[in-house]
Amino acid sequence: MDLLTPDIGLLFWQVVIFLGIFLILRAFAWKPITASLKEREDNIQSALDLAEKTRAEMAALKADNEKLLAQARVERDVILRGAKETADKMVADARDKAAAEGQRMLELARESMQNERQALVAQVKKEVVTLSLDIAEKVLRRELNDKASQEQLIKDLVTNSHLN
């Protein structure tokens, strides 16, 4: 016998034992191993699907958030523009009201000054008339002390009245 060539009987029993182990493993081990591999593959696939679904939902949420932020910015701009317009209107109204009140006060002051000026002019006229009468009376008394002066004054008055 040669050590390198196996005996046919030995080879037969090796093939029989191999087939027996193969059938036993196929019946008891192969199905559970393939089932667990299939289950693991399914779990991994469902996890990948869930991750993809979650990524899609996150993208949708991000898009919704961007949309909401854009709407919020637009609403903020509208509110700020409205507030600015309201503030500008209030300032313009206050300015107009102040200008009108100032104009009214100026008119009252002018009217008051006009009334005071008229009263002052009337007072001055009255004093001038009184002073003029006093002066005229004193001048006439001095001029009309004698009869010749009176006659001369009357002639002058008559002559001047015809000229006018």
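F22 counts as partly exposed, at 45% relative accessibility (buried is under 20% relative accessible area, exposed over 50%, partly exposed in between, with a 1.4 Å probe and protein chains only). F22 belongs to an aromatic pair with F18 and to a nonpolar surface patch. This is a predicted model, where local features need pLDDT of at least 70 and side-chain atom pairs count only at pLDDT 80 or more, while totals for chains, interfaces and linings use all residues. Residues are numbered from 1 along each chain as its sequence is written, and side-chain values use heavy atoms, leaving out hydrogens and water.

**Aromatic pairs**

- The structure holds two aromatic pairs (rings of Phe, Tyr and Trp, the last by its six-membered ring, with centres within 6.5 Å; planes under 30 degrees apart are stacked, over 60 edge-to-face, the rest tilted).
- F12 and W13 are edge-to-face, because their planes stand at 70 degrees, with ring centres 5.4 Å apart.
- F18 and F22 are stacked, at 6.4 Å centre to centre and 20 degrees between the planes.
- Both F18 and F22 lie in helix α1, four residues apart, about one turn of the helix (helices are DSSP runs of H or I, at least four residues, numbered from the N terminus).
- F12 is partly exposed at 48% relative accessibility, whereas W13 is exposed at 52%.
- F18 is exposed, with a relative accessible area of 56%.

**Nonpolar patch**

- L11, V15, F18, L19, F22 and L23 make a nonpolar surface patch of about 590 Å².
- Patch residues have over 30% relative accessible area and no salt bridge; like charges are joined within 9 Å, and nonpolar side chains (Val, Leu, Ile, Met, Phe, Trp, Tyr) within 5 Å.
- Areas come from the Shrake-Rupley method with a 1.4 Å probe; for residues, only the protein chains shown count as cover.
- L11 lies in helix α1, which covers residues 8-143.
- L11 is partly exposed, at 41% relative accessibility.

**Salt bridges**

- Side chains of opposite charge can pair when their charged atoms come close.
- The whole structure has seven salt bridges (a side-chain nitrogen of Lys or Arg within 4 Å of a carboxyl oxygen of Asp or Glu).
- K38 bridges to D42 at 3.5 Å, N to O. K38 is partly exposed at 46%, and D42 is partly exposed at 38%.
- R55 pairs with E52, with the closest N and O atoms 2.5 Å apart. R55 and E52 are three residues apart in helix α1, so about one helical turn separates them.
- D88 meets K84 at 3.1 Å, N to O. D88 is partly exposed at 41%, while K84 is exposed at 52%.

How values were computed. Helices (H or I, at least four residues) and strands (E, at least two) are DSSP runs, numbered from the N terminus.
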